[in-house]
Amino acid sequence: MVTMKGLYFQQSSANEGITFLFQERENLPVTEDNFVKLQVKACALSQINTKLLAEMKMEKDFFPVGREVAGIVLDVGSKVSFFQPDDEVVGILPLDSEDPGLCEIIRVHEHYLVHKPEKVSWTAAAGAVRDGVRACTALYYLSHVSPGKSVLIMDGASAFGTIAIQLAHHRGAKVISTARSLEDKQHLERIRPSLVGETCGPWWRLAASQQTELVLRPRWRLEESGQREQGEVGVEREAARVIDVSNGKVHVAESCLEETGGLGVDIVIDAGVRLYSKDEEPAVKSQLPHKHDVITLLGVGGHWVTTEENLQLDPPDSHCLFLKGATVAFLNEEVWNLSNAHQGKYLCILRDVMEKLSAGIFRPILDEPIPLSEAKAAMEVVQKNQERKKQVVQF
């Protein structure tokens, strides 16, 4: 019997934390029904929501670790219709998966996988799939972003925020983002599309495909002349505005209202909000905007997409939202896997994420790949939410 090791975590009895550990696993039995046997090539690391697992009453001695996987199909069950051996696939394992993504060979139901484009690397596929699904859910399904809309993306230098910014720009939206540090601000300045020349991918990909010289000019030059020179390719996009909140002196609501001429922002995607004053909140929330600030900067008919699962809205807050005709939506990407009601739509999102990644419409920010032997230490850092770049284990 061949054995291999996988990474698991164990919840402490006092619920004070979790412990990561490797365990030996026996070689998987013959694949049955709608399951495929997958040789994992890369697995991305994400923070584990232990509270959600407890609410789902998933009680185990050891929980598998690693859910965003990319790999090669080794074998398929008798009822599998989407895949065949040697297919390259990518997907997100469900919360109740028996197998850890951080293992060489696993079994996955075919409805959680899609084909990986040939041009996309293993690490990029695994590293982008979860945040890509989150960004598409927030922008396309919860807030319906469209050309000309103004979008505020909090903490834009995070792995999720970076992808959301790029996808919003691709839809023709005007993006405003917040930066928690000087390093974050510099990162956002680098990805800001202040030049003309991007349509359906990076300008260098477009230029190479057309075998022609691409002329790039700063936006003010284009607006001044009023027309493009011959040979220039691209469409105009609104440049992003970066709000530095690291020193605590900048007021996000005032900055957004100033940027939009007092009309307010059409779409807000937060990274959490403060419900009380700074003195009553933990230090980790000190740079987050207060819920009143978000309501203030939201425009008429705006959409507030929040990740704050314990959001509390008082009657005056609700009344203000009512007067604006605004909506509040909760961003929980796990809902796609918690219910099979929209399984087809979820698979479409996965395919759309991979197609956009392959076309160069967005690029994830990834840390250097690490081997499986370093996964335990890396997960301990990720679980403390101390990583800005996406960490990926490469097999």
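Select valine 151 and look across to strand 12: its bridge partner there is isoleucine 267. The model is predicted; local features need pLDDT of at least 70, side-chain atom pairs count only at pLDDT 80 or more, and totals for chains, interfaces and linings use all residues. Residues are numbered from 1 along each chain as its sequence is written, and side-chain values use heavy atoms, without hydrogens and water.

Now show strand 9 (residues 150–153) with strand 12 (residues 265–269). They pair in the parallel sense over three bridges. Strands are DSSP E runs of at least two residues, helices H or I runs of at least four, both numbered from the N terminus. Pairing takes at least two DSSP bridges between two strands.

Six strands run in the order 11-10-9-12-13-14, with parallel pairing. From one strand to the next, the twist averages 15°.

Contact means heavy atoms within 4.5 Å. Axes are lines fitted to C-alpha atoms, for helices over the stretch in contact; angles run from 0 to 180 degrees between N-to-C directions.

Next, helix 9 (residues 315–324). It lies across strand 13 (298–306) and strand 14, at about 125° to strand 13.

Finish at glutamine 383, in helix 12 (residues 375–383). Beyond four places in sequence, glutamine 383 touches Ile18, Phe20, Gln47 and Ile48.
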